[in-house]
Amino acid sequence: MIDHATDHPADDSEPLVQEPRLWQGNGWTAKVIKNEDDEGWAVAMIKDGEPEPALVGPWTMGRDKKNPKPLDTNAFHTLVKTASEVLRRHEQQLHAMLHKSTVVTVGGAEIKVTLDIVPDEDHPYALLTAIDESGEKMAQVRTAANYKLTPSGAADWVENGFRKPA
């Protein structure tokens, strides 16, 4: 457990590093690194347990215009907030890509049709599901992961007795 007021583990089993170029806390590590593209500095924000940074951005030069400005508590908390927002937006974008829905009216009834893509590395597929007005699942079929859900395609699927689309 982390004591967020101090950014230290509550049990003090592993003290967190909080140095000018390396700062840990709140499940994140900030590393100030030399910017490979120019003479400046960058900061990488790495979520604990992740192999790659969630965010890499420019970092401010110090007063000597040669070394980086040191990390501190306020800067670290701002970086955590920014990196968390980047991850949240990425998750929202991924969810939007993998989950589509439309509503069609067939026989006077509104039916919600969803497409949930399962991005399996070896055999990706999608689940096409029909849900009635009361929220009950009417049918579900497995289809190709590249199936495009459209209102007309959804209506055709419902009208054809929920047979697997070609």
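Select Trp157 to start. Leaving aside residues up to four places away in sequence, Trp157 touches Val113, Leu128, Thr129, Ala130, Ala139, Val141, Phe162, Arg163 and Pro165. Touching, or contact, means heavy atoms within 4.5 Å.

A word on what you are viewing. This is a predicted model, where local features need pLDDT of at least 70, side-chain atom pairs count only at pLDDT 80 or more, and totals for chains, interfaces and linings use all residues. Residues are numbered from 1 along each chain as its sequence is written, and side-chain values use heavy atoms, with hydrogens and water left out.

Buried means under 20% relative accessible area, exposed over 50%, and partly exposed in between (1.4 Å probe, protein chains only). In soluble globular proteins, nonpolar side chains tend to be buried together.

**The sheet**

Colour strands E7 to E10. They form an open sheet in the order E7-E8-E9-E10, with antiparallel pairing. Helices (H or I, at least four residues) and strands (E, at least two) are DSSP runs, numbered from the N terminus. Two strands pair if DSSP finds at least two bridges between them. E7 and E10 are the edge strands, each pairing on one side only.

Zoom in on E8 and E9. Seven bridges join these antiparallel strands. Pick Val113: its bridge partner in E9 is Ala130.

Stay in E8 and select Thr114. Is Thr114 buried or exposed? Thr114 is buried, with a relative accessible area of 11%. Its contacts include Leu127, Leu128 and Leu149.

**The helices**

Show H2 next. H2 lies across E7, E8, E9 and E10, at about 60 degrees to E7. Such angles run from 0 to 180 degrees between N-to-C directions, with axes fitted to C-alpha atoms, for helices over the stretch in contact.

Move to H1, residues 73-98. At 1.5 Å a residue, its 26 residues should span 38 Å, and the end C-alpha atoms are 37 Å apart, which agrees. The expected span is 1.5 Å times one less than the number of residues. Select Ala75, Phe76, Leu79, Val80, Ala83 and Leu98: these H1 residues are buried. Among the elements covering the buried residues of H1 are E3, E4 and E5.
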